[in-house]
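Let's take a walk through a protein model together.

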Amino acid sequence: MSFRSNNPIGPLDYSRRTWMKLILLGTFVFLYAPIITLVAFSFNDSRRNIVWRGFTFKYYEKAWNNSSLVEAFANSLTIALLSTLISVVLGTMTAILLWRFRFPGKAGYEGLMSLPIVIPEICLGVAMMAFFSRIGWPSGLHWPLNLAAITIAHISFSFPFVTVVIRARLASFNRELEEAAKDLGAGEWQAFKNILIPHMRPGLIAAALLAFTLSLDDFVITFFTSGPDTITLPIKIYSMIRFSVTPEVNAVSSVLIAVTLIMTTLALWFQGRNGNQPEDTFHG
Amino acid sequence: MGINQKTHFMADRPVILQIQQVVKRFGNIHAVNGVNLTIHEGEFFALLGPSGCGKTTLLRMLAGFEFPNEGSIKIDGEETKDIPPNQRPVNMVFQSYAVFPHMTVFDNVAYGLRVVKAPPEEVQERVKDALALVKLDGYNSRKPDQLSGGQRQRVALARALVKRPRVLLLDEPLSALDAKLREAMQLELVKLQKAVGITFLIVTHDQDEALSMADRIAVMENGVVRQVAPPRELYESPNCKFVADFIGRMNLFSGIVEGHEDGGRLKVKTELLGKLTIYYNEKLNGELHLAVRPEKLRISSEILPPSHFSFPGEIDAVVYHGSKTHVYLKTDAGPLLCATLTNISRSSICPKRGDRLWIGWAPEDTLVLSE
């Protein structure tokens, strides 16, 4: 027996140490077991979510035929899409403003802007509710206008996240690139469109995903700003589990997970495609 | 006083760049403080100076990224005060090259033409020519991250040249390249400039670069131009202590004028090296600086011929540089003088530390400098 094997484990070869492998496995179980269980039990042929009784699609069908559930889902998606779109535009503009310009009170403004990130959601929720009732925000509008209050609330807490992500991306921008574009004959807008936007693209995708997820699963703030005819999915699920956790809830949640996964995959694929393939990036 | 402004060989060409009394302040710092320069068509002109001397600021004002507080800049006779960078007939090669990372080589070079809506056939043709000019044909569809530093620089060059600028501005273009490549690029840039006939204005802190490439050099210090001259004149006849010290190596010492002799000779009493008689046309009085280049100095085991100044001393240090050797000799009178010996033969004898020798130079190699 020799102390020196042919291929000794180096000091940084963590992946070859048994204890490290065990910790890794434990972490994965801890992180993903609940999600896997949730998805698995959405196919469980039982009223109760405790014992496995066989495979069925019944609860998906049931969820699909539950019109109030579908409506809540549609509301959630609409709000998430609108809020993502607007907060990405708003957050990006703010990030560019903070990155490019120096103005009096900039530090103070930056602090204020990140307030929605640090402030407890419950406070923001109550504040939003008080605000909308104080200004007499009209209720009983037609869809999708009746979602405006929730959408505005979502924009107000997700755009600072967008700003943070985009600013981090902008920090790595070489300003000479923009100057080079102008030197070659591009105006402000052309330089922005042809040079700055392509640089920000990965940040924009990441920020949009973040904003979308933040909006889609927000409960607290939505709870305070929604009315009886503007129920979103998290609120609907909450009201459903107050009676019992049925596999129907599992089914809806599984659909939500699937939607998020598909969107993330699409975003990553889109990003990869742009990064690797030579393409004509010039448009006017 | 100083060196008379000799007319340089391009002075009869039309003026392309007229810089008059330009001042640029950042807060209360004068980055550029009253610069006057006239640059002629087809010149290879260098702005040389230590970092922070205002040379880059001046270049950025020409490109239109900064605007002068005072004075005027005329490109091709046209005042540029209100012209934004994208409408100036100049193009720039940036220090970081600023090659657009998300575009191919072809798209990079084509950008400046497409952005002003040039017809596609013309774009195709001109980009092809520009890439051939910088020897990058066949690299059309490469992305910048697949290129070496030198190739990226060629892309930046082609991208600027394809616009056919009246003046090409180059901001420290060779500073990021390694020594061998830098030397090759110096030669290539000069050839390229003569081939295209465009006026090149290069900013550099590297005197070698300026001396080896430029037709004329402006030496800047603290926002002011100290001397404008062709390389040889700048090296052999600097007009002030700063230029003498900045370009190359220099032995400097101060003296006081004692009197004049017929035939343009000046008697100077130096503090430590005694009385020296040197050749100088103008009559001077008071204190002045004397200077002599290390390679003009001679070292000998015997006293030098009477036509030379000659001082005994002891070798203090010998620094070997391959092609040449710097010998530092402490004269008995006090000053430390540096002599540069060229190692013309493999068996060239090198003095050793502690050797007692004579050091000296021909009086006509002495330079007289103002403050």
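Which residue forms a salt bridge with B:E188? That partner is B:K135, and the closest N and O atoms of the two are 3.8 Å apart. A salt bridge here is a side-chain nitrogen of Lys or Arg within 4 Å of a carboxyl oxygen of Asp or Glu. B:E188 sits in helix α5 of chain B and B:K135 in the loop between α3 (120-133) and α4 of chain B, so the pair ties together parts that are 53 residues apart in sequence. Helices (H or I, at least four residues) and strands (E, at least two) are DSSP runs, numbered from the N terminus. With 23% relative accessibility, B:E188 counts as partly exposed, while B:K135 is exposed, its relative accessible area being 56%. For those words, buried means under 20% relative accessible area, exposed means over 50%, and partly exposed is in between (1.4 Å probe, protein chains only).

Before we go on, some ground rules. This is a predicted model, where local features need pLDDT of at least 70 and side-chain atom pairs count only at pLDDT 80 or more, while totals for chains, interfaces and linings use all residues. Residues are numbered from 1 along each chain as its sequence is written, chains are lettered from A and ligands numbered from 1 in the order in which they are written, and side-chain values use heavy atoms, leaving out hydrogens and water.

How far does the predictor trust its own work? The score called pLDDT is its confidence in each residue, from 0 to 100. Chain B has a mean pLDDT of 89, and 97% of its residues reach 70 or more. Within chain B, confidence is highest in helix α2 (residues 105-114), at 96, and lowest in strand β13 (residues 274-279), at a mean of 80. Over residues 1-6 of chain B the pLDDT is below 50. For the complex, the predictor gives an ipTM of 0.83 and a pTM of 0.82.

Back to the charges: over all chains, the whole structure has 21 salt bridges. One of them brings together the side chains of A:E179 and B:R60 (2.7 Å, N to O). A:E179 lies in helix α8 (residues 175-183) of chain A and B:R60 in helix α1 (residues 55-63) of chain B, so this pair joins two chains. Both A:E179 and B:R60 are buried. Helix α1 of chain B also holds B:K55, whose side chain meets that of B:E172 in a salt bridge (3.8 Å, N to O). B:E172 is found in the loop between β7 and α5 of chain B, 117 residues apart from B:K55. These two are buried as well: B:K55 and B:E172.

Now find the sheets. In chain B, six strands form an open sheet in the order β6-β7-β8-β3-β9-β10, with mixed pairing. Two strands pair if DSSP finds at least two bridges between them. β6 (90-93) and β10 (224-229) of chain B stand at the edges with a single partner strand each, so one side of each is left without a neighbour in the sheet. Further in, strand β3 (residues 44-48) and strand β8 (residues 199-204) of chain B pair in the parallel sense over five bridges. One spot to look at is B:F44, whose bridge partner in β8(B) is B:F200. Helix α5 (residues 179-196) of chain B lies across β3, β7 and β8 of chain B, running at about 155° to β8(B). Angles run from 0 to 180 degrees between N-to-C directions, with axes fitted as lines to C-alpha atoms, for helices over the stretch in contact; contact means heavy atoms within 4.5 Å.

A second open sheet in chain B has four strands in the order β2-β1-β4-β5, and its pairing is antiparallel. Its edge strands are β2 (29-40) and β5 (78-79) of chain B, each pairing on one side only. Here α1(B) turns up again, packing on the sheet and touching β1 (15-26), β2 and β4 of chain B.

Finally, look inside. In soluble globular proteins, nonpolar side chains tend to be buried together. A nonpolar core is a set of buried Ala, Val, Leu, Ile, Met, Phe, Trp, Tyr and Cys residues joined through side-chain atoms within 4.5 Å. The largest one has 55 residues, and B:L37 is among those that touch the most other members. Helix α9 (residues 188-216) of chain A gives the most to this core, with seven residues. Apart from it lies another core, of 48 residues, including B:F200.

Methods:
pLDDT is the predictor's confidence in each residue, from 0 to 100.
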